[in-house]
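Trainee: I would like to learn how to read a model with several chains. Could you take me through it feature by feature?

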Amino acid sequence: MAMFRRKALLLRERAALEVLRKGYVIEVENLTKRFGDFTAVDHISFRVKKGEIFGFIGANGAGKTTAIRMLCGLHRPTSGHGQVAGFDINTQQEDIKRHIGYMSQKFALFNDLKVWENIRLFAGIYGVEEKKIAPKTDEILERLGFTDQKNTLVGQLSLGWKQKLAFSVAILHDPEIVFLDEPTGGVDPLTRRKFWELIYEAVNRGITVFVTTHYMDEAEYCNRVCMMVDGKIEQLDSPENLRRKFGVETMEEVFTQVAKKAQRTDD
Amino acid sequence: MRQFFAFVEKEFYHIFRDKATMLIILLMPVVQVLIFGFAITTDIRNTSIAVYDQDRSEESRGLLSHITSGPYFRVEQEVQEPEEFDEIFKKGKIKVILVFPPDFSETLAENRSAQIQLITDACNPNEANIINSYIQNIAARYALSLDKGWVESVYVEPVTRMMYNPQLKSAYTFVPGVIGLVLMLICTLMTSVSMVRERELGTMESLLVAPSKPFHLIFAKTVPYFVISVFNLAVIILLSLFAFDVPIRGNFGLLAGASLTYIFTSLCLGIFISTISKTQQIAMIISLIGLMLPTVLLSGLMFPISSMPPVLQGISYILPARWFIDMARAIMIKGLGFGSIWMQWTILGGMAVVFLGASVRGFKIRLN
Amino acid sequence: MSDYSVSARNLSKKFGHGHHAVQAVDGVSFDVKKGELFGLIGPDGAGKTTLFRLLTSLMVPDSGTAVVEGFDTVKDYRQIRRIIGYMPGRFSLYQDLSVEENLKFFATLFGSTVAKSYDAIKPIYRYLEPFKKRMAGRLSGGMKQKLALCCALVHAPKVLFLDEPTTGVDPVSRKEFWEMLGTLQDQGISIVASTPYMNEAVRCHRIAFVQDGKISECDTPENIRRKFPHAILAVRSRDAFSLLQDLRKFPEAHSCYSFGNYQHLYLHSEGGADGSAARLQEYLEGKGHQDIRIEPIEASIEDCFMLRMNKEGGDYGDV
């Protein structure tokens, strides 16, 4: 039985790799989510290329969170179909969860565990093989230049270090794509910039990044930006093209103009 | 005053909008009464007994039929050899073996005190005690019935008289106990948690920075739970009156007065716990483990206080439930008046004043 | 009485003991004029929230004094609580009460009614009125923040303390929020607000940089920008990330950070930005960058803040 299951898993993973060969880590078509008679996400379609930084932007209540939850396999779409990391969004949600990374500002690491304990814990959660965990931990600590702080409680680290560590943990199982949900909310400008430099490094190593943010200067750092209004995708293009299209100087102005169309102030 | 009512209104909203908690609060007394009434009953019914009758006389048969005629005992087995006793108890079904000595009828005929031996499985000492006293009781009555003919009875087997509760119904004792328990749980746990929640959610910050009076804030917390507790009290009393035939022999007004005092004391205790707990979890642990457990075990609800070691008796003195259960039993079952419960009443009232005073004093007008 | 609405003198507050003690606020002094919009700018954990709690009488300082509208925050806390409005950093209204019920409750707390203070809260409440029956817990971030502001205003306070009121709120709502503060200004209310968003700091009359519990600079936004010690070049090219790395290696570079689609390069030499621009152009072409654009610019508040943070060790140096 166990062997059969392992075989089935292997087949699914092989199929997923086949899907990814086309060069898209996310492909969704007409993805929709309704709660009762409220349509939180309304027929959205887009593709995220391998290795790009894809920005996801919208006012509070535009449907961002619901969309991300569907992509991460936490919500089942009401209708529509697509793939994330090569797996079907409707039927293979458990496989999706194993092949993506996730980090949000609200929850990242356990403050009452030591640095290495956190890494170990999340390695276990993501199903990293037992014998690979120790070398993986050392590798992460070394890359961060953090070996000395191995036994420090995470709660005692500065915010900048916490973020660095949380991001490294989110990608420790080498996911196809990492979802960053407002990773820099309420963080000071210097720490934010250092965090983005971390993102760029990860992208240079071949990881695809899907990020939401309220800082419009950060939208500039993305390769492409998707703006949601009332559950629909209103704009999707590179920051440069969007600025040109609206004839403005900054993404802040683009967003202000796009968000003006919103009917829904709340969800 | 308007400020106080605004607080009270808000508290009612909190409670009524939390549907799940509301349901638990209202159903809990009913469930507790039913559990104590049916499941944890200390009444003896259909107890299996074995008989080792070495006499096999009319008299031994007579006593046995007396014992089995009620709903309490059934003869499961006749024993032939004393060596079997061990085996019988190991099987666990039979709780007591009745041994008639060979000279049982002879001794009775000589008007001397005849003895029977009760060998009881004392794994559950409480139960064993109750079984013993039941059989003693029946045997005593049987002996009396035999004595009719003789003017000078020499029968000296001690006769235990069960005062107030001749049928030894446990419902009589548990109803006051359940009232004590349920009210303690709702008043103390709910108030302490709801107070600490304000601190945890950060709403306390908004309240403190406004010119709100600590006394209003604290007192308003107790009002809704007071109302709910009174409702629960009524439910428990009605249920015990009609489902378990528990009498209220004393003055109903007196019972109500004692209960309201007890509710108030418990509320004050809840508030006091909230002033010393940092998180909802701590408040809950203090209320449940620090208070509920001793209340169940030490307040006289399950076990008699007089048979506890002195240290535990000492602890029972500081439990409000102990004094309330004392009073409630006195009023409901013994039918006593104010004269015999004033001390307990005063102690409860004193506790309330102390807790309330300590809470208002200990209430922090600033964040820490 | 003085012209000052808020005066802090040598305020200090420490948490914990011994080895784990944290000096949250460390000898802070500043004054807020009547009717002024005063901004506290600083990273997370700099001590802004503690400072607010000291000023609103919610905490007692270890040393130093604070006076709000002539009242001492320790002695006269009762009077202070009547005349200030405070919006804590965390949403601290009742989630299970509706918009209307929250407002009514807080009005009553201050011995007022919603009707009496309707004029004061109207500019904000009109956004909320369509949702007045909704539970506060089910509002979006922007709406929650407006409700919190309404509740802080419902007793017509003289001073308003806002602890990071716009954190986690989308840009459009943020902008609206600061416009609302502008209308309050017209009513003569003094406002002390903190924010991590630098572009909002510009809207304040004066700002103070808070760092490690101290105020490192306090002036008008214009003065702070004027005092920026380096010439700045805004640079862009096709590949932003490698551009940033190359700019940092530029011999005349002091430091360099991303600002949206531009990189801001702070130069060592003062004044001679023109010559530097030409040399930089050559340097970048040598590194193979394409579509290079270089412009000398004036410092923004964010530039000033970045430089200051970096100088003081920033967030990465101290573990």
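Mentor: Gladly. Let us begin with a term: domain bounds here come from an automatic or database domain assignment. With that in mind, chain B is divided into domain 1, made of 2-40 + 169-362, and domain 2, spanning 47-147. Please remember throughout that this is a predicted model.

Trainee: How far apart do the C-alpha centres of domain 1 and domain 2 of chain B lie?

Mentor: They lie 45 Å apart.

Trainee: Now the chains together. Which chains have the most contacts between them?

Mentor: Two residues are in contact if their C-beta atoms, placed from the backbone, lie within 7 Å. Two pairs of chains touch, and the most contacts are between chains A and C. That contact takes 34 residues from chain A and 35 residues from chain C. On the side of chain C that touches chain A, at least two residues each come from helix H5 (141-153), helix H6 (171-186), strand E12 (253-259) and helix H11 (301-311) of chain C. H11(C) gives the most, with five residues. By class, this side of chain C has 17 nonpolar, twelve polar and six charged residues.

Trainee: And what separates chain A from chain B?

Mentor: No contact joins chain A and chain B; their closest C-alpha atoms lie 16 Å apart.

Trainee: How should I read the fold of chain A by itself?

Mentor: Start with its elements: chain A has ten helices and ten strands. Its radius of gyration is 19 Å, close to the 18 Å that the globule rule gives for 267 residues, so chain A is as compact as a globular protein of that length. Along the principal axes, the C-alpha atoms of chain A fill a box of roughly 55 × 50 × 35 Å. Of its 267 residues, 45% count as buried. Look at sequence separation too: among contacts in chain A between residues at least 6 apart in sequence, 70% join residues at least 24 apart.

Trainee: What does the confidence look like in chain A?

Mentor: Chain A averages a pLDDT of 87, and 96% of the residues score at least 70. Among the elements of chain A, strand E8 (residues 208-212) has the highest mean pLDDT (94), and helix H1 (residues 2-20) the lowest (85).

Trainee: Let us turn to packing. Which residues touch the most other members of the largest nonpolar core?

Mentor: The general idea is that in soluble globular proteins, nonpolar side chains tend to be buried together. Here the largest nonpolar core has 163 residues, and B:Ile186, C:Cys150 and C:Ile191 touch the most other members. Helix H7 (residues 170-201) of chain B gives the most to this core, with 16 residues. Apart from it lies another core, of 72 residues, including A:Ala62, A:Ile119, A:Val154 and A:Phe210.

Trainee: Is helix H1 of chain C mostly covered or mostly open?

Mentor: Mostly covered: seven of the eight residues of helix H1 (residues 48-55) of chain C are buried. Those buried in H1(C) include C:Lys48 and C:Arg53, along with C:Phe52 and C:Leu54. Just after H1(C), C:Ser57 takes a positive phi of about 70°.

Key: Residues numbered from 1 in each chain as written. Chains lettered and ligands numbered in written order. Predicted model: local features only at pLDDT ≥ 70, side-chain atom pairs only at ≥ 80, totals over all residues. Helix = DSSP H or I, 4+ residues; strand = E, 2+ residues; numbered from the N terminus. Nonpolar A, V, L, I, M, F, W, Y, C, P; charged D, E, K, R; others polar. Rg over C-alpha atoms; globule rule 2.2 N^0.38 Å. Buried ≥ 20, exposed ≤ 12 C-beta atoms within 10 Å, placed from the backbone. Core = buried A, V, L, I, M, F, W, Y, C linked by C-beta atoms within 7 Å. pLDDT = per-residue confidence, 0-100.
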